[in-house]
Amino acid sequence: MLDLLWSDPQPQNGRSVSKRGVSCQFGPDVTKAFLEENHLDYIIRSHPHPDVKPMATPVTLLQLGMM
């Protein structure tokens, strides 16, 4: 579960240890293989923006110009 929650993308192909010290980083080749194996078109990742209050809705994000 930790890898699912804390893995980060990287520009290089392959996998490497995360710079944050938790989990790993993965390249575009890993993403492509995951999408193909799971019959998916996209992976949507999200991190809270520092200017967004907790529980922001998509409408709020649109109003702030973040979507």
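Is tyrosine 42 buried or exposed? With a relative accessible area of 68%, tyrosine 42 is exposed, where exposed stands for over 50% relative accessible area, buried for under 20%, and partly exposed for what lies in between (1.4 Å probe, protein chains only).

## Basis and confidence of the model

The structure is a predicted model, in which local features need a pLDDT of at least 70 and side-chain atom pairs count only at pLDDT 80 or more, while totals for chains, interfaces and linings use all residues. Residues are numbered from 1 along each chain as its sequence is written, and side-chain values use heavy atoms, with hydrogens and water left out.

The pLDDT, which is the predictor's confidence in each residue on a scale from 0 to 100, averages 75 over the protein chain, and 61% of the residues score at least 70. Among the elements, helix α2 (residues 28–37) has the highest mean pLDDT, 91, whereas helix α3 (residues 58–63) has the lowest, 56. Where pLDDT is low, the predicted coordinates should not be read in detail.

## Overall architecture

The protein chain holds three helices and three strands, arranged along the sequence in the pattern α-β-β-β-α-α; helices (H or I, at least four residues) and strands (E, at least two) are DSSP runs, numbered from the N terminus. Of the 67 residues in the protein chain, 18% are buried. The accessible surface comes to about 5900 Å², and 62% of that area belongs to carbon and sulfur atoms, as computed by the Shrake-Rupley method with a 1.4 Å probe, where for residues only the protein chains shown count as cover.

Contacts, defined as heavy atoms within 4.5 Å, can also be sorted by sequence separation. Of those in the protein chain with a separation of 6 or more, 6% join residues 24 or more positions apart.

## Glutamine 25 and the strands

Glutamine 25 belongs to strand β3 (residues 24–26) and, at 9% relative accessibility, counts as buried. Leaving aside residues up to four places away in sequence, glutamine 25 touches Asp8, Pro9, Gln10, Gly14, Arg15, Ser16, Val17, Ser18 and Lys19. A polar atom of the glutamine 25 side chain lies 3.2 Å from the backbone nitrogen of lysine 19.

Valine 17, a residue of strand β2, is exposed at 67% relative accessibility, and its contacts beyond four places in sequence are with Ser23, Cys24 and Gln25. Between valine 17 and serine 7, ten residues apart in sequence, the C-alpha to C-alpha distance is 9.4 Å. Serine 7 sits in the loop between α1 (2–6) and β1 and counts as buried at 12% relative accessibility. The side chain of serine 7 makes a polar contact of 3.0 Å with the side chain of serine 23; such a contact is a pair of N or O atoms within 3.5 Å, of which, within protein, one must be able to donate a hydrogen and the other to accept it, and residues adjacent in sequence count only if both atoms are side-chain atoms.

## Two prolines

Proline 11 is placed in the loop between β1 (8–9) and β2 (15–17) and is exposed, with 75% relative accessibility. The C-alpha atoms of proline 11 and glutamine 25 are 9.5 Å apart, at a sequence separation of 14 residues.

Proline 28, by contrast, lies in helix α2 and is partly exposed, at a relative accessible area of 42%. Its C-alpha atom is separated by 6.8 Å from that of proline 11, 17 residues away along the chain. Apart from residues up to four places away in sequence, proline 28 touches Gln10, Pro11, Gln12 and Asn13.

Phenylalanine 34 lies in helix α2 and is partly exposed, with a relative accessible area of 40%. Together with Leu40 and Ile43, Phe34 makes a nonpolar surface patch of about 260 Å².

The loop between α2 and α3 includes histidine 39, which is exposed at a relative accessible area of 73%. Phi of histidine 39 is near 55°, a positive value in a residue other than glycine. Most residues other than glycine have a negative phi. Tyrosine 42 lies in the loop between α2 and α3 as well, and its C-alpha atom is separated by 9.4 Å from that of lysine 32, ten residues away along the chain.

Definitions and conventions:
Patch = residues over 30% accessible without salt bridge, like charges linked within 9 Å, V, L, I, M, F, W, Y side chains within 5 Å. Salt bridge = Lys/Arg side-chain N within 4 Å of Asp/Glu carboxyl O.
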